[in-house]
Amino acid sequence: MKAIISHDIDHITVWEHLLKDTIIPKYITRMHLELLTGKISFKELFLRYTDFFKNKWQNIDELITFNNLNNIPSSFFIAVNKGVGLNYSLNNAIPWILQMKLRNCEIGVHGISYENFDLINNEYLQFNKISELNNFGIRMHYVRNNNETLMNLAKAGYKYDSTINDFINPYKIGNMWEFPFQIMDGWVIQNGTRWQNTNLQKAKESTLKLIDEAYTKKINYLGIDFHDRYFSPSFKTWLNWYVWLIEYLKSNKIEFINFNSAITELEK
Ligand SMILES: [Zn+2]
């Protein structure tokens, strides 16, 4: 089994949400609840308030650096359209797309439209134009999809998708590879709620169960989704969970690979 780690970029700045959606008040409620239930420390609460003044809700640069030091290929999904709780502008996304490209990251679209082919196709064309890439994939924001989404993604020209959560091996839809993923940071740490609902130890235990299940079901590419937003001391449990997971996979001799290299292997 090899691991494919990928990162969804849901936020770039804090203020992109100001007066546009309800993310900020919900977030403030959430962090105070997490403090009251003993899931986060005063220090984390303080750091989260300083993030407002820094106006920074992404950790792309830090994550690429960490991944590079650990020989993990960085694979990102970034949006070129606004969606539910995702409000950064194309102008704010472009410099990051260019930086990721310069640093040899694999970049795909964090897809917003999932119900209408023309809208899906527009996002494909928009990203193709900005990135000047043509071998890119997609993961839908909030993994939203219906019966036709995957077919329409393939029709638009995406090379791969990783929206489906399932313990099955990659399969083809038209010319597109679907890479089901098995582990998502939020599902482990929020444990079915909208706030941190577990501690590091419990998060590790439930992750190990998922990895065991992947072994039992003979999964060749373990898909892991970790949001760059949480690669920060403001989210200590999330940060420590990611660092632990990488160490765990390394010590179990699990190789890291990105989607495009996995496709090359699959098509050999
Ligand atoms: Zn998302």
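Visitor: Is the crossing of α5 and α6 left-handed or right-handed?
Guide: This is a predicted model, in which local features need pLDDT of at least 70 and side-chain atom pairs count only at pLDDT 80 or more, while totals for chains, interfaces and linings use all residues. Residues are numbered from 1 along each chain as its sequence is written. A crossing is left-handed if the near helix is turned anticlockwise from the far one by less than a right angle, and right-handed if clockwise. By that rule, the crossing of α5 and α6 is right-handed.

Visitor: At what angle do helix α5 and helix α6 pack?
Guide: Helices (H or I, at least four residues) and strands (E, at least two) are DSSP runs numbered from the N terminus, and here α5 covers residues 117-131 while α6 covers residues 149-156. Axes are lines fitted to C-alpha atoms, for helices over the stretch in contact, with angles from 0 to 180 degrees between N-to-C directions. The axes of α5 and α6 lie 9 Å apart, and the helices pack at an angle of about 45°.

Visitor: Which residues of α6 meet α5?
Guide: Two residues are in contact if their C-beta atoms, placed from the backbone, lie within 7 Å. From α5 come Phe117, Ile120, Asn121 and Tyr124, and their counterparts in α6 are Asn152, Leu153, Lys155 and Ala156.

Visitor: How many residues of the contact of α5 with α6 are nonpolar?
Guide: Ala, Val, Leu, Ile, Met, Phe, Trp, Tyr, Cys and Pro count as nonpolar, Asp, Glu, Lys and Arg as charged, and the others, Gly among them, as polar. Beside 2 polar residues and 1 charged residue in the contact of α5 with α6, the number of nonpolar ones is 5.

Visitor: How is α8 oriented to α9?
Guide: The axes of helix α8 (residues 200-216) and helix α9 (residues 236-251) come within 10 Å and cross at roughly 40°. Angles under 35 degrees count as roughly parallel, over 145 as roughly antiparallel, 65 to 115 as roughly perpendicular and the rest as oblique. The orientation of α8 to α9 is therefore oblique.

Visitor: Which residues of α9 make the contact with α8?
Guide: The crossing of α8 and α9 is right-handed. On the side of α8 the contact is made by Leu200, Ala203, Lys204 and Thr207, and on the side of α9 by Thr237, Asn240, Trp241, Trp244 and Leu245.

Visitor: How many residues of strand β1 are buried?
Guide: A residue is buried if 20 or more other C-beta atoms lie within 10 Å of its own, exposed if 12 or fewer, and partly exposed in between, with C-beta atoms placed from the backbone. Strand β1 (residues 2-9) is largely enclosed by the rest of the structure, because its buried residues number 7 of the 8.

Visitor: What is the bridge partner of His7 in β2?
Guide: Two strands pair if DSSP finds at least two bridges between them. β1 pairs in the parallel sense with strand β9 (residues 221-225) over 5 bridges, and Lys2 stands opposite Tyr221 there. Strand β2 (residues 75-78) also runs parallel to β1, joined by 3 bridges, and in β2 the partner of His7 is Phe76.

Visitor: Is Glu132 buried or exposed?
Guide: Glu132 lies in the loop between α5 and β4 (138-140), and has a positive phi of about 55° although it is not a glycine. Because 10 other C-beta atoms lie within 10 Å, Glu132 is exposed.
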